[in-house]
Amino acid sequence: MTSSPPYRLGFAVLAHDAPEACAQLIERLLDRGDAVALHLDKKADRSRFETSLRQRLGKRWREVLWAERVDVRWAEWSMVEATLNALHCFTVLEAAPQHVLLLSGSDYPIRPLEQLRHFLQRHANTDFIDHHDAERTHWVTKGAQQERYRLYHWLNWRRHPRLFDLSMKLQNLLRVRRKMPAGLRPYLGSQWWALRWESCQRCMSLASQKEVRRFFKKTWVPDELFFQSVCASQVPSRNQLDRRMLTHVRFGRGGAPIEFFDEHLAYLKQQPFFFARKLAPGFNKLRDTLDRYAESSPAPPPDRLVGQATAALDDFFAQQRQASQRHFLWGRPGKPPLGELGQLQNRYAVVVAEDRKTLNQAQNVLRKQGKVCWHGELFAADRIEYAPGAELAEYPAHNVALRDQDSLGFLASLLRNSSASLTGFCWQVGCRPEAGPAPERESGKTRDLLAAIARDLNCHLIYVGSEPGFKKLQTQLKDWDRHRAPELFAQFHHLPMASSAATNPPSWQEGLSTTVAALAEKPQLLMHIGMQRTGSTALQRWLRANSDALAEQGVGQILSRDVQPTLSADFNASPEQARRAVKAIIDAALESRRSLIILSDEDFVRIKDVERLKPLKAHFDVRVLCYLRQQDQWLESWYNQILKWPWSDTQQALSLDTFLAQSKTYDWLDYQALLKRWKLSFGREALHVVLYEASENQTNLFTRFFDLIGTSDLHLQTSLQRHNQSLRPDALMLLRNLPQYQWPQASRVQLINALSAVYEGAELKRESQLIPGAVRQDIRRSFEGTNAAVARDYFDRPDGILFTQQDSKKTTPEAGAELPSAAVLANKTAPLLIEWFLRQLEPMHVRTEWSDALGPRLGDQAGIKTLLNTDALNTRERAVWHEVQQTRHQGFEAQLKKESMSEAQRFLLRDLGPVLEVLCAALVRRHRNGTKAGVTPD
């Protein structure tokens, strides 16, 4: 009895780049004697692919069937023609394959091919091709669908977008409607399929007809239309057609397929597919691991689940964005243009000059520098100029073809294997203004390489030459950038060459030596990340006040609002904004030229993807300082801050209960998770955690900060003062019930100053807390577990007690959070506030008309009429008062009629509020005239 022959498969592979990845794929496909037809884009270098195949396959590389090459253009008929040419290769075989799978050179098996063979053998009468009726189903998520085949398309949208759109508009106006040829119905679907050989023959036969070819050559994206329409229209039985795909493809927002990297291994193992598209080139570890996984013979997925992505797909990508932003940092879904180079945190430098003589001189200077490994022209056309003793064995100096297969991967390997503090190389670029266009050596891939390197935040480009040449280089780099970045991100240094001996400036060699020596020594960066309400305002004002004294000790400072007003918010915005924010920090730090840089931003605790800050490690020795405050005390203080400086009218009247209900959005209060994010990016040794105890002396709270910056000047330390302190609960409730959100900010400052002063006096002072005691205990219990972990990990406290300070105030359940009665406000609080403003406004002249205007508003309570006998208000305040009386007050009438409004609230809104608004405006005017200095908000 003879055994039946094995079920033979054919693989049509379309490739245009990444020869090493393509060779590894073909090696896997040929393992079991299957047939592989390779179509190589006519624009690609065939010799590079042949070299990679020989290295991978040895003599077996000749088993590859080479298809007739065409110049493939995206979304044009050439895509289909390349596929058909690959299919024609199988016609010369003695035994044709029973199923043919269409793959790209960047695809890779994620399961044993034997499982694929058995699956297709069980479904020997089925074509697997994604197909959707274009007349009934809306398959295209963005852009034209029926217009793809109903209209004529002579132009490529990528090359002529405006003309392409204009052509479609004109044809729609003329009601052009083409009909499918040869009795076909239009079906759309993904390009990647697995067809029976007879279906492939049917496609080749139809494509040979002039009418069919002529029609599809004028369609848009025919590779998603031709094969789908042929199979769906001409397969005899609908049971022989399955729209499931055997290749897993994940698309990003822009419609481009997301690439898979090493960290996606666990995800790919879960997928019930046989191939994945696309694996990033250069990530051989992922391919090797998948090979070992296939050798372990994992259990095959059930047939009914094949081609159905797991439910964990979106969850996985969400976790990846939080855990590792590496491949989402570059503004394209899933593809870093720097490849492996983008993973490194190694600073390097590139000296760019206009001629070889200058480069030789630079190289002689730099090779004398300590802590520096300096290469020559690494990317010369005919050689790799390594520094002595620094050659990579896997990249011989004479093998430029191997280097050019993945230039950025080669550079990444070089940096990874360097132990020097700074690695660099030389680059000759022809950009002399008088020389006209750049020479041929800057064309094509060489241009792309230099433009890509210029986008690396870890790179320092040092240009030696004239100012016009330097500007021309920057302009050229932007023109060459394939990703059309609005700006370049590398750090640029210009070393001008002497124009004449008479001027006798310092030589560029000295400048180069000094610049590289400075780059070799990493400055320290102390990042004070907050958190809010832990004295950050006091610390930042102290830094500004002592900037000169700190500079004398070699300490520079960059505060977030000085560098970029929205710095912390930018890190939670788009990846490109995050890169610009990192660039802003690096530029500001380099400009300060200090050995220690302080960056202070209390909102850094809000950053969810701390990985976006990781490029700072390449330029600085980073330390992170974080102050933690007991969560219930922080919430009380933050509620205080919201009511003092509301950013909306809703926030201005926010109740305590509503605020506490939404407190779960403050995810940084989980201190264990907060510190873990920073530890993963910068390491445990870089984290310095301090507990903020509100009752401590401010200087004692920042003792750790002083230790980290290395200052022992007691005069500096004693100048630290408290700022932006919280209001007492009863004062805060009064503020909450005033419409102060509509006031000018300067007036709001004066009102807060008045409330702070009056409510700290003996007549109104009352010990209480804002949050009731029972609620406070519930808050503490909710964070008990995470706080215990922080206590053990960061403070070596086995008992798990993080905060030891007891409450200094009584936890009366509600007394401190209530608004006083109308009688107390009218007879006690209002007179005290008025007296405070009088003291600020004295001396004044009597103006009785204000007594007539203001008197009826507050009645005859003691102390109030004293205000009315002043000359505090000028013409401007008279206008303000008129607005309050005639316009704004009318808008409050509806609120005053509400039954739920208490008499105290009516008194504040109707009587005391308008008077305080006018008084604050008067005091602001006086301060602006220079009699007193105002206080600015945090």
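Colleague: Before we start, what pLDDT do local features need, and from where are residues numbered?

Modeller: Residues are numbered from 1 along each chain as its sequence is written, and side-chain values use heavy atoms, with hydrogens and water left out. Because the model is predicted, side-chain atom pairs count only at pLDDT 80 or more, totals for chains, interfaces and linings use all residues, and local features need pLDDT of at least 70.

Colleague: Good to know! How many helices and strands are in the chain?

Modeller: Both kinds of element are DSSP runs numbered from the N terminus: helices are H or I with at least four residues, and strands are E with at least two. Counted that way, the chain has 40 helices and 22 strands.

Colleague: And what percentage of the residues count as buried?

Modeller: Buried means under 20% relative accessible area, exposed means over 50%, and partly exposed lies in between, with a 1.4 Å probe and protein chains only. The chain has 938 residues, and the part that counts as buried is 56%.

Colleague: Which strands stand at the edges of the parallel five-stranded sheet?

Modeller: Two strands pair if DSSP finds at least two bridges between them. The 5 strands form an open sheet in the order β14-β15-β13-β16-β17. Pairing on one side only marks the edge strands, β14 (372-377) and β17 (491-495).

Colleague: Now the three-stranded sheet: why is one side of β5 and of β11 left without a neighbour?

Modeller: The 3 strands run in the order β5-β12-β11, in an open sheet with mixed pairing. β5 (108-109) and β11 (247-249) are at the edges, so one side of each has no neighbour in the sheet: each has a single partner strand.

Colleague: Which residue of β12 does Pro109 stand opposite?

Modeller: β5 and strand β12 (residues 275-277) pair in the antiparallel sense over 2 bridges. Pro109 stands opposite Phe275.

Colleague: Back to helices. At what angle do α1 and α11 cross?

Modeller: Angles under 35 degrees count as roughly parallel, over 145 as roughly antiparallel, 65 to 115 as roughly perpendicular and the rest as oblique. The axes of α1 (residues 19-29) and α11 (residues 284-295) come within 11 Å and cross at roughly 10°. That makes α1, relative to α11, roughly parallel. The contact involves residues including Glu20 and Arg28 of α1 and Arg287 and Asp291 of α11.

Colleague: Is Leu151 buried or exposed?

Modeller: Leu151 is found in the loop between α5 (147-150) and α6 (161-173). Leu151 and Arg177 are 26 residues apart in sequence and 6.2 Å apart in space, C-alpha to C-alpha. Not counting residues up to four places away in sequence, Leu151 touches several residues, among them Met168, Val176 and Lys218. Because its relative accessibility is 0%, Leu151 counts as buried.

Colleague: How many residues has the largest nonpolar core?

Modeller: A nonpolar core is a set of buried Ala, Val, Leu, Ile, Met, Phe, Trp, Tyr and Cys residues joined through side-chain atoms within 4.5 Å. Met527, Phe571 and Trp678 are among those with the most contacts inside the largest one, which has 95 residues. A second, separate core includes Leu14 and Val249 and has 49 residues.

Note on methods
Contact = heavy atoms within 4.5 Å. Axes fitted to C-alpha atoms, helices over the stretch in contact; angles between N-to-C directions.
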